[in-house]
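Subject: Structure handover

Hi there,

Here is the structure I promised to pass on to you.

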Amino acid sequence: MALVSAVVSSLPTLLTYGALALGVVFAIHILSQLIVPQNPQHPPHNPIQFLKDCQKKYGDVFTFYMVGKRVTVCLGADGNQFVFNAKQNLSSAAEAYNDMTKYVFGREVVYDAPHNVFMEQKRFIKAGLNSECFRQHVPMIVQETTEFFKQFKKPEGVIDAYSTFGKLIICTASRCLMGKEIREALDETVAGLYYDLDQGFQPINFMFPNSRFRPCEKMANLYSSIIQRRKRDNDNSNADLLQALMDATYKDGSSVPDKHIAGMMIAVLFGGQHTSATTSAWTILELANQPELITALRQEQIEKLGSLKTDLTFDNLKDMPLLEAVIRETLRLHPPIFQMMRKVIADKIVYEKSGFEIPKGNFLCASPGVTQVDPKYFNEPERYNPYRWIEKTDPVHQLEVGDDANIDYGFGAVGISSKSPFLPFGAGRHRCIDHPFYLIRMFDFASEKGGVPKPDYTSMVVVPEHPSNIKYTWRE
């Protein structure tokens with residue numbers, strides 16, 4: 001009896017240690033899949049190198065396992081076209097991402113909405129981000145940028161590029177997109193909500209969705225209070241995306257519910273703030289490593305505008321070939337999202353070029369992070385060289401023929417629609433905000449230790465490894 005009593009009394013402890021042991025075994029299993037590849041079975045810590053190695057061994061199409069998920073990678077221009085042009089009844093972005101995004105953006109928006117409703121929501125956002133809005137936003141961005149950097153010590157100092165641009169673009173995005181109320185309330189409370197939301201958009205949540213994630217509810221409540229206040233006060237003359245969504249109606253004539261507006265605003269924040277902060281940081285890091293490019297960019301502004309004191313506007317920013325080339329080269333070498341997924345929902349989908357049959361349940365993966373550094377398309381692909389987009393001597397430019405060569409997705413005409421090797425955001429319309437090109441009027445920049453930081457692949461958006469420091473010197 002004493003033995004039985006001892007065993008029974010120790011059961012809670014035994015169960016605890018048993019659970020811990022199972023947890024350790026599970027963690028080791030996950031780590032083995034993420035870090036120790038076996039054949040093309042499991043991706044390593046550097047996913048780009050893993051995909052490039054598999055491409056050399058298996059070709060442009062191959063499948064690997066990622067924590068129990070079968071991922072079929074389709075590389076090259078043909079792979080891009082196959083993944084992004086697949087019909088909705090064959091493969092789905094919603095099925096690939098919704099288990100993660102619905103806890104960040106909220107229910108009934110983006111991938112959690114029926115496809116036809118999602119298309120309407122995209123139309124609302126596009127209408128609220130038109131050229132006239134951009135014209136109004138540029139002076140706001142200049143003002144926010146000037147005010148932000150006033151606090152930086154003189155005559156020189158060191159900043160972390162990614163952290164700095166992350167904070168700056170929260171300010172500009174809040175001012176231009178989120179609404180004046182959010183910008184005015186951009187204190188620790190709102191900043192904390194932004195941070196908490198960001199934690200829901202980590203790679204681990206793609207594999208293990210967090211159904212207990214609650215920050216989106218808090219943000220939705222905040223937006224709902226702003227919407228109700230604007231309606232109550234008849235405050236409807238705002239030039240921001242929030243007002244555009246408030247004024248929108250679905251095709252059936254119904255108004256957009258507050259919770260839909262909040263979800264779309266959160267989605268736009270993630271789509272714009274993360275990519276703009278990352279691209280701006282990578283741009284300034286590359287420019288700091290090649291200061292002669294900064295000199296050339298200043299000279300371009302002088303030639304086009306007459307002076308570095310001329311106001312920057314939406315229209316005069318569009319007439320600067322080197323500026324555009326710098327953005328394109330940053331997006332080529334440092335795409336914010338190095339791979340994009342779809343999930344096969346039909347019984348199978350056939351990769352026409354090779355006849356491969358990809359079964360239901362597999363994830364399709366296109367990877368700009370690999371295709372955009374493929375020597376098949378780009379000369380010296382690992383070298384940061386904006387002039388490739390002006391001189392047009394790379395193999396990719398031989399592909400850009402016909403009517404589709406003039407399609408502009410917001411960072412210049414990219415070539416042949418979704419079959420282009422250059423699709424840093426996937427096949428869709430996007431536009432980067434040109435923060436770095438105002439800063440070169442204010443500062444000289446130099447790399448702190450020489451070179452450019454390596455990419456950090458531990459987040460959904462590929463950021464520079466910490467610290468990503470650069471030296472700045474104020475210009476008179």
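First, the ground rules. This is a predicted model, where local features need pLDDT of at least 70 and side-chain atom pairs count only at pLDDT 80 or more, while totals for chains, interfaces and linings use all residues. Residues are numbered from 1 along each chain as its sequence is written, and side-chain values use heavy atoms, with hydrogens and water left out.

The protein chain has 21 helices and 14 strands; these are DSSP runs numbered from the N terminus (helices: H or I, at least four residues; strands: E, at least two). Of its 476 residues, 51% are buried, meaning under 20% relative accessible area with a 1.4 Å probe, protein chains only. The accessible surface is about 22700 Å², with 54% of it on carbon and sulfur atoms (Shrake-Rupley method, 1.4 Å probe). Among contacts (heavy atoms within 4.5 Å) with a separation of 6 or more, 68% join residues 24 or more positions apart.

Helix 4 (residues 76-85) is mostly covered, with seven of its 10 residues buried: Gly76, Ala77, Gly79, Asn80, Phe82, Val83 and Phe84. Their cover includes strand 2 (69-74), strand 5 (340-344) and helix 18 (368-371).

Now the helix pairs. Helix 6 (residues 115-128) packs on helix 14 (residues 258-289) at an angle of about 65°, with the axes 11 Å apart. Axes are lines fitted to C-alpha atoms over the stretch in contact, and angles run from 0 to 180 degrees between N-to-C directions. That makes helix 6 roughly perpendicular to helix 14 (65 to 115 degrees). Gln121, Phe124 and Ile125 of helix 6 meet His260, Met264 and Val268 of helix 14. These contact residues divide into four nonpolar, two polar and no charged (nonpolar: Ala, Val, Leu, Ile, Met, Phe, Trp, Tyr, Cys and Pro; charged: Asp, Glu, Lys and Arg; polar: the others, Gly among them).

Helix 6 also holds Glu120, which counts as buried at 9% relative accessibility. Leaving aside residues up to four places away in sequence, Glu120 touches Tyr250 and Lys251.

Helix 14 has another partner in helix 15 (residues 291-305): their axes come within 4 Å and cross at roughly 105°, so these two are roughly perpendicular as well. Leu287, Ala288 and Asn289 of helix 14 contact Pro291, Leu293, Ile294 and Leu297 of helix 15, a set with six nonpolar residues, one polar and no charged.

Best wishes

Notes: Buried means under 20% relative accessible area, exposed over 50%, partly exposed in between (1.4 Å probe, protein chains only). Angles under 35 degrees count as roughly parallel, over 145 as roughly antiparallel, 65 to 115 as roughly perpendicular and the rest as oblique.
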